[in-house]
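Trainee: Before we discuss this model, I would like to see it. Please show the sequence and the structure.

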Amino acid sequence: DDTLEEIINGVEGKTIKIFGTDTENVSLTVATGNAKIVVATNAVLAAKAHFIELINVSGVWYEVSRSIA
């Protein structure tokens with residue numbers, strides 16, 4: 001398990017999607033409280049179908065959408 005702390009070399013105005021994995025007992029958390037990655041609530045990506053989409057605005061990544069069942 002890990003927590004996403006930073007995204008390096010983003011392009012202003014572009015979006016990215018970050019997906020989880022189907023590896024058992026492995027998840028990636030995109031957490032609130034980070035000045036560089038702003039999300040509404042913690043996003044725990046624990047399956048391959050889980051994703052969060054972020055957009056870069058002035059060097060900060062903001063949540064656009066997510067799919068976590």
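This is a predicted model: local features need pLDDT of at least 70, side-chain atom pairs count only at pLDDT 80 or more; totals for chains, interfaces and linings use all residues.

Trainee: How many bridges join S6 to S7?
Mentor: Strand S6 covers residues 51-57 and strand S7 covers residues 60-67, and the two run antiparallel. Bridge partners include valine 57 with valine 60, and leucine 54 stands opposite glutamate 63. The number of bridges joining S6 to S7 is seven.

Trainee: Which residue in the turn between S6 and S7 has a positive phi?
Mentor: S6 and S7 form a hairpin with two residues between them. The positive phi, about 55 degrees, belongs to serine 58.

Trainee: Do S4 and S7 run parallel or antiparallel?
Mentor: Isoleucine 37 stands opposite tryptophan 61 in S7. S4 and S7 are joined by two bridges, and the direction is parallel.

Trainee: Which strands stand at the edges of the three-stranded sheet?
Mentor: This open sheet also has mixed pairing, with the order S1-S3-S5. S1 and S3 pair in the parallel sense over two bridges, and the bridge partner of aspartate 2 in S3 is leucine 28. One side of each edge strand is left without a neighbour, because each has a single partner strand; the edges are S1 and S5 (43-45).

Trainee: Why is the aromatic pair called tilted?
Mentor: Rings of Phe, Tyr and Trp (its six-membered ring) pair if their centres lie within 6.5 Å; planes under 30 degrees apart count as stacked, over 60 as edge-to-face and the rest as tilted. The structure holds one such pair. The rings of phenylalanine 19 and phenylalanine 51 have centres 5.6 Å apart, and the pair is tilted because the planes stand at 50 degrees.

Trainee: How many residues apart in sequence are the parts that this pair ties together?
Mentor: Buried means under 20% relative accessible area, exposed over 50% and partly exposed in between (1.4 Å probe, protein chains only). Phenylalanine 19 is partly exposed at 46%, whereas phenylalanine 51 is buried at 16%. Phenylalanine 19 lies in S2 and phenylalanine 51 in S6, so the parts tied together are apart in sequence by 32 residues.

Trainee: Which charged end sits over the ring of phenylalanine 51?
Mentor: A charge sits over a ring if NZ of Lys or CZ of Arg is within 6 Å of the ring centre and within 35 degrees of the ring normal. Here the distance to the centre is 4.4 Å, and the charged end is that of lysine 17.

Trainee: How far from glutamate 53 is the nearest side chain of opposite charge?
Mentor: Lys and Arg count as positive and Asp and Glu as negative, while His and the chain ends are not counted. A salt bridge is a side-chain nitrogen of Lys or Arg within 4 Å of a carboxyl oxygen of Asp or Glu. Glutamate 53, found in strand S6, is buried yet has no salt bridge. The nearest side chain of opposite charge is that of lysine 17, at 5.0 Å.

Trainee: Which residues form the two salt bridges?
Mentor: A search of the whole structure finds two. In one of them, the closest N and O atoms of glutamate 6 and lysine 36 are 3.2 Å apart. In the other, the closest N and O atoms are 2.7 Å apart. The pairs are glutamate 6 with lysine 36, and glutamate 63 with arginine 66.

Technical notes. Residues are numbered from 1 along each chain as its sequence is written. Side-chain values use heavy atoms; hydrogens and water are left out. Two strands pair if DSSP finds at least two bridges between them. Helices (H or I, at least four residues) and strands (E, at least two) are DSSP runs, numbered from the N terminus.
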